[in-house]
Amino acid sequence: MRLHRGYALATIVLLIVEIGIALFVRDRIVRPYVGDTLAVILVYTGLRAITRLSVPAAALTAFGVAVVIEFGQYFHVLDHIGLGENRLARTVLGSGFDLHDFIAYAAGALIAYAVDYRRASRAPAGTRTRRPSSDSSSTI
């Protein structure tokens with residue numbers, strides 16, 4: 001396991017933005033779709049912060065997590081495990097299945113992939129496979 005500080009910081013910032021959206025935004029665009037897009041990017045940065053997953057693997061895993069949660073909404077998993085009335089659980093994991101959410105999830109995965117892939121491709125030759133001793137990650 002490792003901790004990559006840059007991704008960890010991005011995860012914290014995205015979490016704060018997501019909490020702000022959940023607490024203060026009541027609309028039909030930002031909360032449901034921008035929030036879902038950012039949620040996938042949040043999972044992506046969290047994965048990249050603590051694992052050595054590649055860019056494509058992390059993007060696919062983040063998308064997969066969102067899809068599993070969405071199907072959990074379809075099957076009312078929170079109700080089945082006794083958390084259907086828990087406001088925090090319903091806010092974090094959602095409460096209503098919507099096919100349109102899959103578009104937001106795909107957009108989040110594609111944005112994370114594209115930004116990170118582009119960032120990695122701009123790195124100087126030789127730095128993508130070997131980390132200098134002063135890099136911003138540490139092993140846990």
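Trainee: Okay, which helix gives the most to the lining of the largest pocket?
Mentor: Helix 2 does, with nine residues. Keep in mind that this is a predicted model.

Trainee: And which other elements give two or more residues to that lining?
Mentor: Besides helix 2 (30-50), you have helix 1 (5-24), helix 3 (55-74), helix 5 (87-93) and helix 6 (101-121).

Trainee: How many residues line the pocket, and which lie nearest its centre?
Mentor: The lining has 34 residues. Nearest the centre are Asp36, Thr91, Val92, Leu93 and Gly94.

Trainee: What's the volume of that largest pocket?
Mentor: About 1,000 Å³.

Trainee: How does the lining split by class?
Mentor: You get 19 nonpolar residues, nine charged ones and six polar ones.

Trainee: Switching topic: how many helices and strands are there in the protein?
Mentor: Six helices and two strands.

Trainee: What share of the residues is buried?
Mentor: Of the 140 residues, 31% are buried.

Trainee: What about contacts between residues at least 6 apart in sequence: what share joins residues at least 24 apart?
Mentor: That share is 69%.

Trainee: Last one: what does the accessible surface come to, and how much of it belongs to carbon and sulfur atoms?
Mentor: The protein's accessible surface is about 9,100 Å², and carbon and sulfur atoms account for 68% of that.

Conventions. Residues numbered from 1 in each chain as written. Predicted model: local features only at pLDDT ≥ 70, side-chain atom pairs only at ≥ 80, totals over all residues. Heavy atoms only, no water. 1 Å grid on protein atoms, 1.4 Å probe; cavity = no way out; pocket = protein on both sides within 12 Å on 5 of 7 lines; lining within 4 Å. Points joined across faces, edges and corners; volume = space filled by probe spheres on them. Helix = DSSP H or I, 4+ residues; strand = E, 2+ residues; numbered from the N terminus. Nonpolar A, V, L, I, M, F, W, Y, C, P; charged D, E, K, R; others polar. Buried < 20%, exposed > 50% of the residue type's maximum accessible area, 1.4 Å probe, protein only. Contact = heavy atoms within 4.5 Å. Areas by Shrake-Rupley, 256 points an atom, 1.4 Å probe, with all protein chains shown as cover.
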